[in-house]
Amino acid sequence: SPDDPDARWIAGIQPAGGKSAGSRPRAVLEKVAPGWTIGLNDERSLGLVGEHLGKKDILRTQPVHPGKPVILTKTVELPAGKKSRLQFAVSHDDAIGADWQLIIKANGNDLHRATISEKTTKDHWHTVDIDLQKFAGKRTKLEIHHLALAALPSYAYWDKIEIQTQP
């Protein structure tokens with residue numbers, strides 16, 4: 001829970017700019033991905049990085065258990081008759097070189113899959129821009145998965161996960 005006294009930052013991660021985003025993992029998540037949640041078992045996989053590859057206040061995730069992804073979840077009711085898009089940028093850790101799989105689902109169905117690595121990103125970032133119009137007027141459960149592809153530590157860096165709605 002957000003008040004879990006055992007919750008900890010990922011090793012080497014500090015609050016952005018020396019200012020606390022809150023000492024609890026959910027406060028860290030709220031800074032970059034407002035309204036999104038993470039499973040209680042995954043809270044210890046979160047950290048906030050002050051800067052990563054030119055972007056500031058970045059969420060960092062690392063799967064804690066091999067073969068089990070970190071999953072960010074948000075249930076939304078997208079407005080009928082309006083265009084909505086899921087938008088964010090995501091990166092990897094060049095120093096470690098561990099590729100990982102990005103999986104985005106809506107109501108359990110795949111919307112997007114991509115391997116995130118030095119070879120598959122542009123300027124180290126993968127831009128996500130997914131049309132959610134077919135879910136307009138419906139209650140929709142969105143999931144974003146960070147799945148490690150190797151036994152090496154797999155870090156994902158997330159910049160401003162947002163749902164944009166246009167008139």
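Contact here means heavy atoms within 4.5 Å. The structure shown is a predicted model.

Figure 1. His126 belongs to strand S8, which covers residues 125-131. With a relative accessibility of 15%, His126 counts as buried, because the cut-off for that class is under 20%. Its side chain makes a polar contact of 3.1 Å with the side chain of His112. Setting aside neighbours within four places in sequence, the residues in contact with His126 are Phe88, Ala89, Val90, Leu102, His112, Ala114, Ile116, Thr120 and Thr121.

**Figure 2. The largest nonpolar core.** In soluble globular proteins, nonpolar side chains tend to be buried together. Here the largest nonpolar core has 31 residues. Those with the most contacts inside this core are Leu86, Phe88, Leu102, Ile144, Trp158 and Ile161. Strand S6 (residues 100-106) supplies the largest share of the core, 4 residues. Another core, of 6 residues, lies apart from it and includes Ile58, Ala89, Tyr155 and Tyr157.

**Figure 3. Contacts of Ile144 in the largest core.** Ile144 is one of the residues with the most contacts inside the largest nonpolar core. Which residues is Ile144 in contact with, leaving aside its neighbours within four places in sequence? They are Trp36, Val70, Ile71, Leu72, Leu86, Phe88, Leu102, Ile103, Ile104, Trp158 and Ile161.

**Figure 4. The aromatic cluster of Phe88, Trp100 and Trp158.** These three residues form one aromatic cluster, and the structure holds 2 aromatic pairs. In the pair of Phe88 and Trp158, the ring centres are 5.7 Å apart and the planes stand at 50°, a tilted arrangement. Phe88 is in strand S5 (residues 83-91) and Trp158 in strand S10 (residues 156-166), so this pair ties together parts that lie 70 residues apart in sequence. Phe88 is buried, at 4% relative accessible area, and Trp158 is buried at 1%. The pair of Trp100 and Trp158 is also tilted, with 5.6 Å between ring centres and 50° between planes. Trp100 in strand S6 and Trp158 in strand S10 are 58 residues apart, and their pair links distant parts of the chain. Trp100 counts as buried, with a relative accessibility of 0%.

**Figure 5. Charged side chains over aromatic rings.** The charged end of Lys55 sits over the ring of Trp125, at 5.3 Å from the ring centre. For Arg60, the charged end sits over the ring of Tyr155, and the distance to the ring centre is 3.9 Å. Tyr155 is among the members of the 6-residue core.

**Figure 6. Leu152 in the loop between strands S9 and S10.** Leu152 is placed in the loop that joins strand S9 (139-148) and S10. Is Leu152 buried or partly exposed? Its relative accessibility is 47%, and Leu152 therefore counts as partly exposed. Beyond its neighbours within four places in sequence, Leu152 is in contact with Ile96 and Ala98. The C-alpha atoms of Leu152 and Gly97 are separated by 8.6 Å, although the two residues are 55 residues apart along the chain.

Methods
Residues are numbered from 1 along each chain as its sequence is written. This is a predicted model: local features need pLDDT of at least 70, side-chain atom pairs count only at pLDDT 80 or more; totals for chains, interfaces and linings use all residues. Side-chain values use heavy atoms; hydrogens and water are left out. A nonpolar core is a set of buried Ala, Val, Leu, Ile, Met, Phe, Trp, Tyr and Cys residues joined through side-chain atoms within 4.5 Å. Buried means under 20% relative accessible area, exposed over 50%, partly exposed in between (1.4 Å probe, protein chains only). Helices (H or I, at least four residues) and strands (E, at least two) are DSSP runs, numbered from the N terminus. Rings of Phe, Tyr and Trp (its six-membered ring) pair if their centres lie within 6.5 Å; planes under 30 degrees apart count as stacked, over 60 as edge-to-face and the rest as tilted. A charge sits over a ring if NZ of Lys or CZ of Arg is within 6 Å of the ring centre and within 35 degrees of the ring normal. A polar contact is a pair of N or O atoms within 3.5 Å; within protein, one must be able to donate a hydrogen and the other to accept it, and residues adjacent in sequence count only if both atoms are side-chain atoms.
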